[in-house]
Amino acid sequence: MTDKSPVFEIENLHASVAGIEILKGVDLAVYPGEVHALMGPNGSGKSTLANVLLGNPAYKVTSGSIKYKGNDITALAPDERARDGLFLGFQYPQEIPGVKVLNFMQTAMSRRKGFDLSLLEVRMGMIEAMQLLEMKQEFANRHLNTGYSGGEKKRNEILQMALLDPDVAILDETDSGLDIDALRIVSHGIEKIQTQRPEMASVIITHYQRILDYLRPDKVHVLVDGRIVASGDAELSERLDSQGFESFQTLDMK
């Protein structure tokens, strides 16, 4: 185990949405450079956790804490978390007609860096990242997620991750809706970004083993009914792939 402090730490996190408790005491510590996989069946609380970590106001933290770089950010606004280096790759990226990817990235990158970037500076930065993700350069002039295929939406999320240079990237079911070729491209893009930025930590939220065939996690966690009921190395995800989640449903959840 590294002697560094966790870059991201969740302690006894409880959260609800519309008055219904979804997270029932989640503990998780992520260290710089680590890749964690969070797996669980539908309704286990995976996407709720992703939304809570990024401060979605529709989700209420009822107890526990979220610490980032040693600071409690439980009450911090989403834009403040993003500026400080937290990134969420959405399961269902929103369409924003009329806003070009280039202009969107200019705003996002300027806020992340703390000073204004020109469109030329942003475009130059995008070229290398788009090549990494096998995206055509004219993609920069398309409207954000409007008329995109599932694969294009997910590649656009990873493009944002590459350009925003986060300290922690939370990828919420990035593999959902991708065919084999799109999954390979997106996974290789994530892997290359991780290689270029070895201190960046990642939390990959997924139902399936298939993305983990490309992105070998340091740790795997199983979330069932709002609690992490098992943790292990990459072999745990392989066990899940062969046995399913049913064997974890009856584990002691105290």
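This is a predicted model: local features need pLDDT of at least 70, side-chain atom pairs count only at pLDDT 80 or more; totals for chains, interfaces and linings use all residues.
**Starting point: leucine 76**

Leucine 76 sits in the loop that runs between strand β5 (71–72) and helix α2 (78–83). Tyrosine 92 is 16 residues away from leucine 76 along the chain, and the C-alpha atoms of the two are separated by 23 Å.

**The chain as a whole**

The protein chain contains eight helices and twelve strands. Its C-alpha trace spans about 55 × 40 × 40 Å along the principal axes. The radius of gyration of the protein chain is 18 Å, which agrees with a compact globule, because a globule of 254 residues would have a value near 18 Å.

Of the 254 residues in the protein chain, 48% are buried. Among the contacts with a separation of 6 or more, 69% are between residues 24 or more positions apart. The protein chain exposes about 12,000 Å², and carbon and sulfur atoms supply 49% of this area. There are 27 positive and 36 negative charges, and their mean positions are 4 Å apart.

Strand β1 covers residues 8–17 and includes histidine 14. Histidine 14 counts as buried because its relative accessibility is 17%, and the limit for buried is under 20%. Which side chain makes a polar contact with the side chain of histidine 14? The partner is glutamate 21, at 2.9 Å. Setting aside residues up to four places away in sequence, histidine 14 touches Glu21, Leu23, Lys24, Gly25, Lys60, Val61, Thr62 and Ser63.

Serine 16 is also found in strand β1. Its relative accessibility is 10%, so serine 16 counts as buried. Apart from neighbours within four places in sequence, serine 16 is in contact with Glu21, Ile22, Ala58, Tyr59, Lys60 and Thr62.

**Alanine 129 in helix α4**

Alanine 129 has its place in helix α4, which covers residues 119–132. Alanine 129 counts as buried because its relative accessibility is 8%. What does alanine 129 contact, leaving aside its neighbours within four places in sequence? The contacts are Leu159, Ala162 and Leu163.

Arginine 112 is 17 residues from alanine 129 along the chain. The C-alpha atoms of these two residues are separated by 17 Å.

**Isoleucine 228 in strand β12**

Isoleucine 228 lies in strand β12, which is made of residues 227–232. At 21% relative accessibility, isoleucine 228 counts as partly exposed, because buried requires a value under 20%.

Not counting residues up to four places away in sequence, isoleucine 228 touches Val26, Asp27, Leu28, Leu38, His221, Val222 and Leu223. Leucine 240 is twelve residues from isoleucine 228 along the chain, with a C-alpha separation of 14 Å.

**Two loop residues with positive phi**

Where is lysine 69 placed? Lysine 69 is in the loop between strand β4 (59–68) and strand β5. Lysine 69 is not a glycine, yet it has a positive phi of about 55°. Its relative accessibility is 41%, so lysine 69 counts as partly exposed.

Aspartate 165 lies in the loop between helix α5 (150–164) and strand β9 (168–172). Aspartate 165 has a positive phi of about 50°, although it is not a glycine. The relative accessible area of aspartate 165 is 39%, so this residue is partly exposed.

Conventions: Residues are numbered from 1 along each chain as its sequence is written. Side-chain values use heavy atoms; hydrogens and water are left out. Helices (H or I, at least four residues) and strands (E, at least two) are DSSP runs, numbered from the N terminus. The radius of gyration is taken over C-alpha atoms; the globule rule is 2.2 Å times the number of residues to the power 0.38. Buried means under 20% relative accessible area, exposed over 50%, partly exposed in between (1.4 Å probe, protein chains only). Contact means heavy atoms within 4.5 Å. Accessible areas come from the Shrake-Rupley method with a 1.4 Å probe; for residues, only the protein chains shown count as cover. Lys and Arg count as positive and Asp and Glu as negative; His and the chain ends are not counted. The place of a charge is taken as NZ of Lys, CZ of Arg, CG of Asp or CD of Glu. A polar contact is a pair of N or O atoms within 3.5 Å; within protein, one must be able to donate a hydrogen and the other to accept it, and residues adjacent in sequence count only if both atoms are side-chain atoms.
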